[in-house]
Amino acid sequence: MNLDPESVRKLVTSRTGAILAVHHSGLAADLDALFSIGAEAGIPVVEDCAQAFGCEYKRYLVGKRGVTNSFSLNHFKHITCGSGGMVLTDDDRLRYLSTLFLDKCYQREEGIRNPFFLAPNYQMTELQGAVALAQLSRVEEFTSRRNALGTLWKNYLNGMPGISTQTVTSGSKHSYFLALFCLDLHQLKCTAQEFSDALAAEGVPNKARLITGGRPVYLYDLFRNRSAFPGSQYPFVSKDLGTDRRYQPGDCPVAEAAFDRWITMDLHEHYTEKDMEEIAHGIGKVAYHYASRRSVSAAT
C-alpha cells in the first residue's frame with residue numbers, strides 16, 4: 001500500500017520537485033530505495049508521517065531522514081490535540097520558511113508584518129500545543145501496544161482463505177494506525193462491499209473503499225473538472241507553464257484496484273487480546289463462508 005520505487009524511477013522528470021514518501025497506515029515506505037532515486041535525480045525526499053507515529057524502518061523511526069517531515073495531530077490519529085500537526089526538519093532555512101507559511105508570512109522573529117509571499121493561517125493555539133506536548137510523552141506507549149495487538153491479529157489471519165495482510169519487512173515496525181487486509185476476490189467470489197457487510201453483521205466494525213472517499217484523490221471532481229479556482233482551469237491548463245494536465249481512471253491502476261480489494265478497520269491501544277481474537281474469528285468466519293460457497297458452486 002506504499003509508493004513503488006520502480007514506478008517512481010520511471011516517472012521522475014526534469015520537472016519533478018520532490019519525492020513524497022507516505023508511510024501508509026503506519027507501515028514504512030521503502031526509504032532506502034526512494035532516497036537512492038532522489039540522490040540520483042538530485043531531488044529531495046519528503047516524508048508524510050501523518051499515520052506513522054512510532055513507525056520504524058530498519059529499526060529507525062520514520063520522519064528523521066526527509067529534508068522535511070510532517071506529522072498529523074487531528075482527532076483520529078495516534079495522538080491528537082484536536083487538529084493541526086507538526087513539521088520536523090534539521091534544515092534551518094526550511095524551519096524558518098515553515099513558520100512563515102503557517103502564519104500568513106508574518107516575520108514574527110523580526111517583528112515584521114509585511115508578507116512577501118502568499119501564505120495561509122495554519123496556526124495552532126497555545127492550548128493545543130500544550131495538549132500535543134503531553135500526548136508526545138505517550139507515543140511509545142500507544143504505538144507499542146498497537147504493534148503488539150496488530151502483530152497478534154496478523155498472525156491469527158495467517159492461512160485464512162482469500163485473506164492477506166500488509167508485508168512488514170525485517171527491521172520495520174508497523175504502528176497500526178489502521179488494520180488492513182486484502183481480499184482475493186477470485187478465491188472468495190464476493191465483492192469487498194459484500195465481505196464488509198457480512199463482517200459488520202458479525203459485529204466487527206470495518207469499511208470497504210474507505211480511504212479518500214472511495215476513490216483515488218486524482219479522481220475527485222476538483223481534478224477531473226480542473227476546477228481548483230472558480231472560473232479558471234489554472235494550474236492544470238497554463239500557457240505560461242505549458243501545461244494541459246488531465247486526470248482520468250487508469251492513471252494509477254494499482255491504487256484503483258486497491259479500493260476494490262482492501263478492507264479497513266480501526267485498531268486502538270485500549271483493545272484487548274480477546275478483542276483481537278474475536279475480530280479475527282469474525283473475519284475467518286466470513287472468509288470461510290465465501291470460500292466454501294465457491295467450492296459448492298464449483299462442484300455443482
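Begin the tour by selecting Lys154, which is found in helix 5, residues 139-157; helices (H or I, at least four residues) and strands (E, at least two) are DSSP runs, numbered from the N terminus. The model on display is predicted, so local features need pLDDT of at least 70 and side-chain atom pairs count only at pLDDT 80 or more, while totals for chains, interfaces and linings use all residues. Residues are numbered from 1 along each chain as its sequence is written, and side-chain values use heavy atoms, with hydrogens and water left out.

**Stop 1: Lys154**

Lys154 is buried but has no salt bridge, and Asp184, the nearest side chain of opposite charge, is 16 Å away. Here buried means under 20% relative accessible area, exposed over 50%, and partly exposed in between (1.4 Å probe, protein chains only). A salt bridge is a side-chain nitrogen of Lys or Arg within 4 Å of a carboxyl oxygen of Asp or Glu. For charge, Lys and Arg count as positive and Asp and Glu as negative; His and the chain ends are not counted.

A polar atom of the Lys154 side chain lies 2.5 Å from the backbone oxygen of Gln166.

**Stop 2: the nonpolar cores**

Next, select Trp153, Ile163, Phe181, Phe195, Met265 and Ile283, which touch the most other members of the largest nonpolar core, a set of 27 residues. A nonpolar core is a set of buried Ala, Val, Leu, Ile, Met, Phe, Trp, Tyr and Cys residues joined through side-chain atoms within 4.5 Å. Two or more residues of this core come from each of helix 5, strand 8 (178-183), helix 7 (192-201), strand 12 (262-266) and helix 10 (273-299). Helix 10 gives the most, with eight residues.

Centre the view on Phe195. Leaving aside neighbours within four places in sequence, its contacts include Ile163, Phe181, Leu183, Ile283 and Tyr290. A second, separate core has 24 residues, among them Ile37, Phe71, Val139 and Phe142.

**Stop 3: salt bridges**

The structure holds 15 salt bridges. Select Lys58 and Asp32, whose side chains meet in one of them (2.5 Å, N to O). Lys58 lies in the loop between strand 3 (56-57) and strand 4 (60-61) and Asp32 in helix 2 (residues 31-41), so this pair ties together parts 26 residues apart in sequence. Lys58 is partly exposed at 45% relative accessibility, and Asp32 is partly exposed at 30%.

Move on to Arg95 and Glu109, a salt bridge whose closest N and O atoms are 2.6 Å apart. Arg95 belongs to helix 3 (residues 92-101) and Glu109 to the loop between helix 3 and helix 4 (126-136).

Then select Glu140 and Lys173, which meet at 3.9 Å, N to O. Glu140 is in helix 5 and Lys173 in the loop between strand 7 (163-165) and strand 8, 33 residues apart. Are these two residues buried or exposed? Glu140 is exposed, with a relative accessible area of 51%, whereas Lys173 is buried at 14%. Finally, display Glu6, Arg9 and Glu40, which are linked in a network of salt bridges.

**Stop 4: cysteines**

How many disulfides does the structure hold? There are zero disulfides, a disulfide being a pair of cysteine sulfur atoms within 2.5 Å. The sulfur of Cys81 is 17 Å from the closest cysteine sulfur, in Cys49, which is too far for a bond. Cys81 is buried, with a relative accessible area of 10%.

Technical notes
Polar contact = N/O pair within 3.5 Å; in protein donor to acceptor, adjacent residues only side chain to side chain. Contact = heavy atoms within 4.5 Å.
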